[in-house]
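Work through the exercises below with the sequence and the structure at hand. Each task is followed by a solution in steps.

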Amino acid sequence: MGRNLQSGLAGRERLRPVDLARAHSLSTQAVRNYEEAGILPAAERTAAGYRVYTPLHAAALSAFLALVPGHGHGTAAAIMRAVNGGADDEAFRLVDGSHAQLLDDRRTLQAVESALRELERTAGRGAAGSGSGAGASGGGSGAWPEGGSGWGTRPGGGPGTGAVPRPGRGTGAGSEPGLSAGPGAGGGSGAAPPSGGGTFIGPLARKLGIRPATLRAWEDAGLVRPPRDPRTGYRVYDEAAVRDARLVHQLRRGGYPLERIAPLLDRVRTAGGLEPLEGTLRDWHARLSARGRALLAGAAELEAYLRARG
């Protein structure tokens, strides 16, 4: 390639957009788009206005493409924009955030496995003939799903976020205990504790960091089946219902689509154990391990780019 470029490019290897594109299996338009998005540093131009890239641009492109599998396209782009803008600390903060998310996802998987083992133990006790379950229907665990989706509320909402009861639901608008927004609202509205033990919907929702409406949606879908207090008619989440609510919550946090949770739990119920889920759990572990490797590979390429940049 000719080197009769402007003085700013003298002594440096000249790379055309097509050179970067071919080396990274991209289109030349993608390379230009990445530059315009700030993922690559701005290219210098020849007197005729053609872009001229250098090995530094190639290192930036390699870093970005290596970051994408572990961080996702949006975060990877933000990291590169921060580095190219001289905001290295912001780039490192974004990297740290992805590692923290992976750690949280690992903890979620551990919690799901723990909840499933408890589910298996409880189902085993029910099959052995206990069949008690503090007023839960069906005996055993007392809160097995009936299948179907029908979800109308997305889980989430942050710890401590209450929700106004929906009128016409359960025992009537505003009648569910435990929904008081005031400080120290443990039982709520002066309601007596459930006669058979357990907890009301408000305290359980706060403990899980979700909205009471979410628990009602899970009940509508047949995933959680809290019995009713015989004195008041209020929902009472006994040990089995609390366990099932925790399991559904953990599966949602683990990325399971809503429509897959009911069949997943139903498979455990039908098989009487965790064997049908072993493949799913192995796949989950494998995906987390792959993300961990991808984060390491992205960090290596990003460090190489930082060294090349100087």
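**Exercise 1.** State what share of the chain is buried, and describe its surface and contacts.

Solution. The model is a predicted one. Of the 310 residues in the chain, 43% are buried. The exposed surface comes to about 15,200 Å², with 51% of it supplied by carbon and sulfur atoms. Turning to contacts with a separation of 6 or more, 65% of them join residues 24 or more positions apart.

**Exercise 2.** Locate Ser 25 and decide whether it is buried or exposed.

Solution. First, find the residue: Ser 25 sits in the loop between helix 1 (17-23) and helix 2 (28-36). Next, look at its backbone: phi is near 55 degrees, a positive value in a residue that is not glycine. Last, apply the cut-off: exposed means over 50% relative accessible area, and Ser 25 has 69%, so it is exposed.

**Exercise 3.** Determine how many aromatic pairs the structure holds, and classify the one formed by Phe 200 and Tyr 234.

Solution. A search of the whole structure gives two aromatic pairs. In the pair of Phe 200 and Tyr 234, the centres are 5.8 Å apart and the planes make an angle of 85 degrees. Planes over 60 degrees apart count as edge-to-face, and this pair is edge-to-face. Phe 200 belongs to the loop between helix 5 (88-127) and helix 6 (201-208), and Tyr 234 to the loop between helix 7 (212-220) and helix 8 (239-253), so the pair ties together parts 34 residues apart in sequence. Both residues, Phe 200 and Tyr 234, are buried.

Conventions:
Residues are numbered from 1 along each chain as its sequence is written. This is a predicted model: local features need pLDDT of at least 70, side-chain atom pairs count only at pLDDT 80 or more; totals for chains, interfaces and linings use all residues. Side-chain values use heavy atoms; hydrogens and water are left out. Buried means under 20% relative accessible area, exposed over 50%, partly exposed in between (1.4 Å probe, protein chains only). Contact means heavy atoms within 4.5 Å. Accessible areas come from the Shrake-Rupley method with a 1.4 Å probe; for residues, only the protein chains shown count as cover. Helices (H or I, at least four residues) and strands (E, at least two) are DSSP runs, numbered from the N terminus. Rings of Phe, Tyr and Trp (its six-membered ring) pair if their centres lie within 6.5 Å; planes under 30 degrees apart count as stacked, over 60 as edge-to-face and the rest as tilted.
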